[in-house]
Amino acid sequence: MQTFRFELGELPPEAEALRAEVREFLRRELGDAAPVRRAHSWGGFDREFSRKMGARGWIAMTWPKRYGGHERSALERYVVLEEMLAAGAPVSAHWIADRQSGPLLLRFGTEAQRQKFLPAIARGELAFAIGMSEPDAGSDLASLRTRAERVAGGYRVNGTKVWTSNAHLADYMIATFRTHHDPAKKHEGLTQFLVDPKLQGITMSPIIDLAGAHHFNMVVFEDAFVPEDMRVGEEGAGWKQVTTELAFERSGPERYLSSFALLLELIREVGKDPGERAAGTVGRLVAQLATLRQMSLSVALMLEAGESPNLEAAVVKDVGTTFEQEIPEVVHTLLGVEPTIDSGSDLQQVLGFLMQRAPSFSLRGGTREILRGIIARGLGLR
Amino acid sequence: MNELRTILSDVVTRLFTDRVTKELLEAAETGEWPDGLWQAVEENGLTLPLVSEAKGGAGGTWGDAFVVTRAAGRHAVPAPLAETIVASWLLSESGLDVPSGPLTVAPVHREDTLRLARAGGGWRLSGTATRVPWGAAAGHVVVVTEAEGRTMVALAARGAGEITPDQNLAREPRDTLAFDAAPIVAAAPAGPRVPANAVWLYGALARSAQMAGGLDYLLRQASQYATERRQFGKPIGSFQVIQQNLAVLAGHTAAAGTAAANAFRAADRGDAAFEIAVAKVRVGEAAGIGASIAHQTHGAIGFTYEHALQFVTRRLWSWRAEFGGEGEWAVELGRSVAERGADALWPHLTAR
């Protein structure tokens, strides 16, 4: 049986030194932002903020300088990330590109693609969306069937992507299409592309979430032409690239800090001298939080050391999303206050926002069930 | 893990694998002292990781103690190894000599108080300490108490007090020691790193590591069983519902190991009260859930005395309540967080 390892380690001094600088920046930029705004966490989209992050050198931190990066360590990046998330900074205009699309291009993109996109991402000027899911391909991602057929100079695309977060705001989308169809080998024949959402033949319509907000989109491709030079990686290499990309988004601090704003409001609410029940509730949540931070940090240290802690990353995401999902329930049980939309106290608004957001925590980036399947494979069960 | 710790881990694992057999565990439950095991543990220098080499110890760290204590939990070692590690640290931190043989600590209950009073040139010990681990089997008990307005560490030999035997769910001895102006071997003001609640605090630390080790065992054992046991024509581990349960157990096991390791690391740095509270709460929660999943996976066979699973699950059910249950520690932790205030939480977490 393969087991997991969570070795503890220390952040290097240069990473810790960055922390104070980031906090000062956030204090200035976010000022007295309302708790419910901070509760949006990495859902907040603010191009101005992203450009400032780019100017500070806090996007593309680990990339080579020749592509606009800063050649800093993954641990320095980790400190910036966790500070952003703990403060509830609106990072979503650069987040996806920094975390997934940029690293994907660095690894599999052509030199021309890297030159064209990476420096702009690093400046915080290019927002990306990810086009993976389809109406009949969710957890079973390999069943996707949006077709990209070879035509002169590129590909003709037909099909539908759904749940495409921020596609309506993004400058580009990294989409995975089927370039070859063999029902017996559905993991083969997938290919990734850089898609300009403004192309002819692409129609976008909002999918409104249960709280009435517009993050998701349905993106329909009808004979949309994608030029050859926008293909990312080899034809048919899409599955390998997608799974690599998903591993980038598994163990980061975004997998346990989504409800951090509510924990803070809870602590404010119970006051300096809480009763036993309130203190016990806070203590239990803080014990989970402190442990998750060490687990997440441990994975970051392994990644920095060049290891591939895929099982550990899946464990962090499963435990982390369970924790962040539980917080609204725990607060409800303890306080019983009504969750609200834009009336009532800060606590009520943050509770209302996160209660409605929480179901997505264990869906996005691979459902809880899929993750637990990955963990079970690591345990030798499949 | 550094190289020395890897060697240490190999040594303890080999020793416990060879020595802590089902027969030994069953004999220990009838009250038999595992003399051969204890001698082997002492000969390998595992009982005094935190005592300086000059005083006969290993001159190591809490990080080393974690390796030993976690392994002791993984193998359900039926002897006061964790207690001896803590007790010997209390003594050496306070400048007292460490006697050979098994040690224990008292009082382990917050409502129990032991009193030291001067008598001639020395001290006498009075009061009752309940549920002292291996109170009868240990050669000496190390007591932390207040006397004359300061925290004192005292060493009493077996026989100094009246013993009433009892046990925990795993039939590990949990004895009541009643002292009535009993003579003691030695006493000294507590060292600077020994707070008044040191027995409670470091007892909780030790139990966290033992429970983390117990969970390691449950995960390994349950995963293995799920690949061997066949129903409906295939291993039960091929059913998604079993896979999902074991993945949950894996998450709790990983969290428990991390929380406990982090508390031991903090102990090496100095003030570990925050991390110990975090560990006792997080590991205690994992222990209950983990025992439940491991039993569910094993079905009826795991519910028998014949199967070794119960040696660990019964310990987990007792250990999580010893030196403060997770509810009590959560209240303490929550109060400290509330007192610092919401805005101090993140800076506090990242500074530790």
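Helices, as named here, are DSSP runs of at least four residues, numbered from the N terminus. The structure described is a predicted model.

One such element in chain A is helix H3, which spans residues 47–56. At its start, a side-chain oxygen of Asp46(A) comes to within 3.1 Å of the backbone nitrogen of Glu48(A). Just after H3(A), Gly57(A) adopts a positive phi of about 80°.

In general, an α-helix has 3.6 residues a turn, so residues three or four places apart point the same way. The cover over the buried residues of H3(A) includes helices H1 (13–30), H4 (74–87), H5 (92–108) and H6 (111–122) of chain A.

The description now turns to the interface between the chains. Here 46 residues of chain B are in contact with 52 residues of chain A. About 4000 Å² is buried between the two chains, and carbon and sulfur atoms give 66% of that area. On the chain B side, Thr258(B), Arg265(B) and Trp346(B) lose the most area to chain A, together accounting for 16% of what that side buries.

The two chains are also joined by 4 salt bridges. In a salt bridge between Asp343(B) and Arg268(A), the side chains meet at 3.0 Å, N to O. Polar contacts between chain B and chain A number 10 residue pairs, with both residues at pLDDT 80 or more. Helix H7(B) provides the largest share of the side of chain B that touches chain A, namely 16 residues. By residue type, that side divides into 24 nonpolar, 13 polar and 9 charged residues.

Definitions and conventions. Residues are numbered from 1 along each chain as its sequence is written. Chains are lettered from A and ligands numbered from 1 in the order in which they are written. This is a predicted model: local features need pLDDT of at least 70, side-chain atom pairs count only at pLDDT 80 or more; totals for chains, interfaces and linings use all residues. Side-chain values use heavy atoms; hydrogens and water are left out. Contact means heavy atoms within 4.5 Å. Buried area is the accessible area (1.4 Å probe) that two parts lose on being put together, summed over both. A polar contact is a pair of N or O atoms within 3.5 Å; within protein, one must be able to donate a hydrogen and the other to accept it, and residues adjacent in sequence count only if both atoms are side-chain atoms. Helices (H or I, at least four residues) and strands (E, at least two) are DSSP runs, numbered from the N terminus. Ala, Val, Leu, Ile, Met, Phe, Trp, Tyr, Cys and Pro count as nonpolar, Asp, Glu, Lys and Arg as charged, and the others, Gly among them, as polar. Buried means under 20% relative accessible area, exposed over 50%, partly exposed in between (1.4 Å probe, protein chains only).
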